[in-house]
Amino acid sequence: MSAMMPRAFPQPLSLADPPLSPVYARLGAPFHQPVTATPLPEPRMVHFNAALAGELGFDPDVGPQFLEILAGNRPWPGYASSASVYAGHQFGAWVPQLGDGRALLIAEVRTPAKERVELQLKGAGPTPYSRGLDGRAVLRSSIREYLASEAMHALGVPTTRCLSLVASPQPVVRETVESAAVVCRTAASFMRFGQFEYFAARGQLGPMARLADHVIAEHFPHLQGRPDRYAAWLGEVVERTARLIAQWQLLGFCHGVMNTDNFSVLGLTLDYGPFGFMDRFRQYHVCNHSDYEGRYAYSAQPEIGRWNCERLLRAVSPLLADGPNQAAEIGQDLAARYAHVYHRSVMRGWADKLGLRDFRETDAKLIDEFLGLLQRSRGDFTRGFRLLSRIRAGSDAPAKGVREEFADIKAFDAWVADYRGRLRSERNVDDEARAGRMNRVNPKYVLRNHLAQIAIDKAMLGDYSEVAKLAELLRRPYDEQPDMEAYAAEPPDYMRNIEVSCSS
Ligand code: AMP
Ligand code: MG
C-alpha cells in the first residue's frame, strides 16, 4: 500500500531520470498548442502503477511533488504541456474539428530501455478544443480506463497504459453530480487517424506530410528514406489495426466508440469509454448505451475497423502518388490488406482458443458452431472458452464441469464429439500440453463490468482497496488464482445490465 500513498514531506522530486525527449513538442503549431492544466483541490492517489513506473524509469514511491504533477497542479519541470488538434468521423458522421478536449500531453521521456514514451493527463481541465465541455473526467470512468488498459496490456493486447489515478473531491456534473479524477496515461504516441483527417480536409498537405514524416521517423524508422514510405507505413497501420481488432474479437472486448478520432496510428487500443468485456455471448452485443443503432456492436467491429482504415487512407491519399487515380489504386490495394490480415489473425486466434495446432478452413464451422451454442445457451464468453481446456481428447466421457454451463447439454455433447474428433486428427494429442496452451490464450479473469462497478462504488466512498485488488488480479489474467475464484464468476443477475454510456 505504501507505494500508493504520498510519502511525508519533504521529498526530493525524482524527475531527473528518465530524461525528457521532447520530439513531438518540437513539431509545434499547427499540430498542438500550449495549454496548462487546471489545478484540482485535495488530490489523492487512488492507485499508482509501480510496475509501469519501474519500466519508465521512475522511482516507484510517489513524492508529494510528483503527486501534484500527476494531478495537474504543477507542470512537469522543463516541459510545456499541450493539446493536439484532430478531426474525426463520429458514429459515421464527419466532424471537422475535435481535439484534446480534456487530455494534455505533459511530458515525453526516454525510458531506461531507450524508448520514447508520452505521458498524458486525461481530465486535466479545459483546452481550446473542449467545445464548451468541462475538460474533466469523473472518478467512475477514470477507474474503468485505468483498470481496463492495464488489463488489456496483461492480456497481450496493444494499448495505451496508465501510470496513475488521482482523485479529487471537486464536483463534476454528468447525469448526476460526481467527483473528478485524472489518469496519467502513457503510449509511444497518442496519434490518431483523426489527426491526418484534420489536415487533409483543410487541404493542408504540407503539415499532413510533416506529421506523417514524424510518425515514420519516430515509430516506423525502418521505413525512413524509402520512396514508397507513406504507402509502406499505411500498410503497416492497416495490418496492425486488423490484428488489433482480431484480438478484441477473440477476447469478447467491445470498444464502444470506434470513431476515427479514437483510432491509433500505432494500432493501440485507445480511449476507453463505454467499453465492455462481454459476459454472456451475443453476436450483436452493443456495450455503449448511447449507441442506439448498434453501429459498434461486437459483430460490427471488424468491418468498422476496415471502414476507419479507409478514412485514413483517403485522407493520406495525396501523399501516395502524384495523380489521384494512381493514389486511389494504391489506397485500394492497402485497404484490401485489412480483410486478409484480419481473417488470418482471427482464424488463427480462434484455432488457438480451441487448442488446435494448425488451422484448417473447415475449422471455421467448428468455431461458428461453438459460438452459436454459447449464444443459444446464454453462455458466458470468457468462462465458456476457459472451460474448454478441461475436455479430454483421449476419453469419450461427458465433459463434467463444462457441459453444465450450457443450457442445451445435448447440443453441447454433440459439438464435443466433433471437437474430440478434430483434436484426435492432429498428431501428438497430449491433453495436458494442449490445456496449458489454451489457458495462455483463454483468460480466466477479465474486467467484467460488475467487478469494475464494485470497485467504483467503494472508491466513491473513499475506499480504494478494491481498485488495488483488481489491478493486482488483472496483471495475471491467464493464471489460476485460487483465492480469487469469485472474480471469474458471471455477474449476479442484478448486476448484469449495468448501463455504460458515453458520459464520462
Ligand atoms: P470521446 O467520445 O471521449 O472520444 O470524446 C470526443 C471528443 O470530445 C474529444 O475531442 C474529447 O476531447 C472531447 N470531450 C469529451 N468529453 C469532454 C469533456 N468532459 N470536456 C472536454 N472535452 C471533452
Ligand atoms: Mg476520444
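A residue is called buried when its relative accessible area is under 20%, exposed when over 50% and partly exposed in between, with a 1.4 Å probe and protein chains only. This is a predicted model, in which local features need pLDDT of at least 70, side-chain atom pairs count only at pLDDT 80 or more, and totals for chains, interfaces and linings use all residues. Residues are numbered from 1 along each chain as its sequence is written, and side-chain values use heavy atoms, without hydrogens and water.

**View 1. Helix 14 and its buried residues.** Helices (H or I, at least four residues) and strands (E, at least two) are DSSP runs numbered from the N terminus. In helix 14 the buried residues are N449, H450, L451, A452, Q453, A455, I456 and A459, and they pack against helix 4 (139-155) and helix 15 (465-473). Just after helix 14, G462 has a positive phi of about 95°.

View 2. An automatic or database assignment sets the domain bounds, giving domain 1 (9-190 + 463-504) and domain 2 (194-352), along with domain 3 (354-439). Counting heavy atoms within 4.5 Å as contact, 45 residues of domain 1 touch 44 residues of domain 2.

**View 3. A salt bridge between R116 and E218.** A salt bridge needs a side-chain nitrogen of Lys or Arg within 4 Å of a carboxyl oxygen of Asp or Glu. In the pair R116 and E218, the closest N and O atoms are 2.8 Å apart. Across the interface of domain 1 and domain 2, the rule finds 2 salt bridges.

How values were computed
Chains are lettered from A and ligands numbered from 1 in the order in which they are written.
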